[in-house]
Amino acid sequence: MAVMPADHGLNSTRARAVTAPSESKNLELAVTNLGPIAEAKIKLRPMTVFVGPSNTGKSYLAILMYALHRFFSGKISARRYHPYQHSRSIFGPEHDPRDDDMDISTEDVEAVIGWAERVRGSAQTMNERERNPAALPESVAKLVRRRLEDVRRLDNQLDFEIRRCFGVKETNTLIRNGVKDGIQIVAERRGGSDVGIVEYRYATKGDSASLGASVPSSVPMYPGSPETAEVVRYFAEFRKHIEYLVATNDDIPSIRQGPVLAREVLGMLTDMCGAELLNPLVSVPHYLPASRTGIMHAHRVIVRSLVRSAARTGFSPEPQLPTVSGVLADFMDILIGLGDRTSESSGDIEDVAKALEIHVLRGTIHARNSVTGYPEFSYRPDEWKDERTSDLPLMHTSSMVSELAPVVLYLRHAVRVGDVLFIEEPESHLHPGMQVEFVKLLARAVHVGVRIVITTHSEWVVDELANLVRLSDLPEDRRTGIDDAYIALDPEELGLWLFKPDESAGGTRVAELVFDEDCGDFRSGKDCGDFTSGFNDVAIDTYNKYARISNRIEGLRSGQSG
């Protein structure tokens with residue numbers, strides 16, 4: 001009999017990253033044979049930017065990252081009733097389908113409960129523990145590692161989520177053309193010199209997919225201090241509940257108290273440690289696809305069509321409606337629910353949304369419920385002072401407003417601190433000056449704790465990122481006269497990755513663009529005259545073409561040939 005604990009009001013808040021005393025490196029993601037991509041290896045930094053020619057796989061990698069975030073954050077699994085409601089990862093108690101079938105020995109029970117009792121009994125040292133998170137004792141840490149590695153049973157869930165997000169029926173359709181080997185995805189974190197590599201590996205081969213993990217015994221387990229205190233509080237409350245159930249229900253033998261209690265505590269510890277090891281893949285993701293203007297204008301028509309189709313009787317066969325990708329379906333689902341939402345973001349994120357309205361849109365975005373309960377999206381320019389004047393329906397606004405409206409709405413209603421926001425082509429329908437302003441606001445979102453991933457073809461986006469990185473080297477007291485001088489990006493906060501076709505590899509290779517202080521831009525070990533993102537090459541070629549045409553025109557005018 002599975003024991004369902006009572007709700008004691010111990011719902012956790014959204015987790016933030018735990019900083020352990022040991023060295024912590026960026027999580028690395030390696031991908032091979034995905035769509036156009038032959039090989040990619042990137043570090044997941046607070047702001048991640050993909051640049052390069054069209055059709056080189058930027059969106060492929062962004063969508064894959066979205067699927068991985070949804071999977072590892074546990075957001076694709078159905079929750080069961082549990083007082084520990086907001087788990088941080090796939091390892092949370094409500095996502096663990098095992099109950100009585102888990103092999104938990106007497107020694108394991110004693111180790112977990114003994115640890116919880118010791119921590120609970122030393123409450124007077126909690127303040128010190130909050131300042132210096134301590135690793136779990138090895139007797140408990142080995143149990144956590146065992147659970148962290150037990151992911152093979154979830155391979156079908158991950159495979160389904162990848163297919164759903166891309167909108168394909170078979171994962172094989174995502175494999176690079178002409179390649180016999182399947183897709184390989186590796187997420188790994190390297191610790192200090194004395195800590196092994198934590199690795200999660202997904203692979204496709206033929207019609208099958210597999211998921212495995214390796215967590216070496218040299219990797220210490222840090223559940224984090226506030227989280228540890230939460231486990232201990234829950235431990236005490238849950239134990240009282242179990243004792244009550246045993247005393248009042250003859251169907252629950254007292255011998256089950258220890259294993260049930262140990263299993264719950266161990267699940268919470270595994271969740272916390274897994275969230276630390278796989279951070280930021282456990283961040284809740286939000287995806288804003290390309291062509292947002294068209295979607296914002298047409299989403300009511302699309303949803304109305306789907307509703308009408310669902311309401312039809314089955315007396316006559318109907319043509320099958322085309323499917324949409326998971327990122328598009330998720331985007332539309334968020335839009336549909338916005339009319340019922342109040343602001344869920346923190347004040348700092350709300351400030352970013354307001355700044356976007358003030359400095360770029362020069363007006364406010366509204367989402368209001370209609371009489372049918374469906375949200376109506378509108379825009380009100382700042383110069384419209386008369387309250388009797390109706391707002392503009394979004395479909396009657398400029399493409400820039402329609403493009404940025406969902407960004408404002410997501411920041412205001414959906415995104416929280418610690419979440420990751422994916423934006424495809426943030427420069428779409430924006431004047432270069434507005435692109436620069438938008439980039440600064442994205443950097444401001446990073447400052448308040450939102451992770452950002454963008455794909456771009458814009459030289460102005462990349463140039464402004466270079467300015468923000470360069471600004472971080474300038475002391476604040478020397479920034480007088482520089483616009484938005486408080487917005488800067490440390491080089492470690494930004495990862496800029498070039499997607500470049502490689503004939504020898506038969507696909508795209510992805511390499512990091514390193515900021516060059518002497519040139520003030522991003523490049524990869526080349527001379528300052530070569531802007532390695534490729535944008536400057538286009539500008540130079542265009543100018544040279546103009547010069548050649550002009551020279552020939554001048555030659556004709558002077559009677560020369562050639």
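1. What percentage of the 562 residues of the protein chain count as buried? The figure is 50%, where buried means under 20% relative accessible area, with a 1.4 Å probe and protein chains only.

2. This is a predicted model: local features need pLDDT of at least 70, side-chain atom pairs count only at pLDDT 80 or more, and totals for chains, interfaces and linings use all residues. Residues are numbered from 1 along each chain as its sequence is written, and side-chain values use heavy atoms, with hydrogens and water left out.

3. The protein chain has 14 helices and 16 strands. Both are DSSP runs numbered from the N terminus: helices are H or I with at least four residues, strands E with at least two. Take contacts between residues at least 6 apart in sequence: 70% join residues at least 24 apart. Contact means heavy atoms within 4.5 Å.

4. Two strands pair if DSSP finds at least two bridges between them. Phe 50 stands opposite Thr 455 in E12.

5. Angles run from 0 to 180 degrees between N-to-C directions, and axes are lines fitted to C-alpha atoms, for helices over the stretch in contact.

6. A second open sheet has 3 strands, ordered E8-E9-E10, with antiparallel pairing. E8 (363–369) and E10 (392–393) are at its edges, each with a single partner strand, so one side of each is left without a neighbour in the sheet. E8 and E9 (residues 375–381) pair over 7 bridges. Gly 363 stands opposite Pro 381 in E9. Helix H10 (residues 347–361) touches E8 and E9, its direction making about 130 degrees with that of E8. H11 touches E8 and E9 too, at about 65 degrees to E8.

7. The axes of H12 (residues 432–447) and H13 (residues 459–471) come within 9 Å and cross at roughly 45 degrees. That makes H12 oblique to H13; under 35 degrees counts as roughly parallel, over 145 as roughly antiparallel, 65 to 115 as roughly perpendicular and the rest as oblique.
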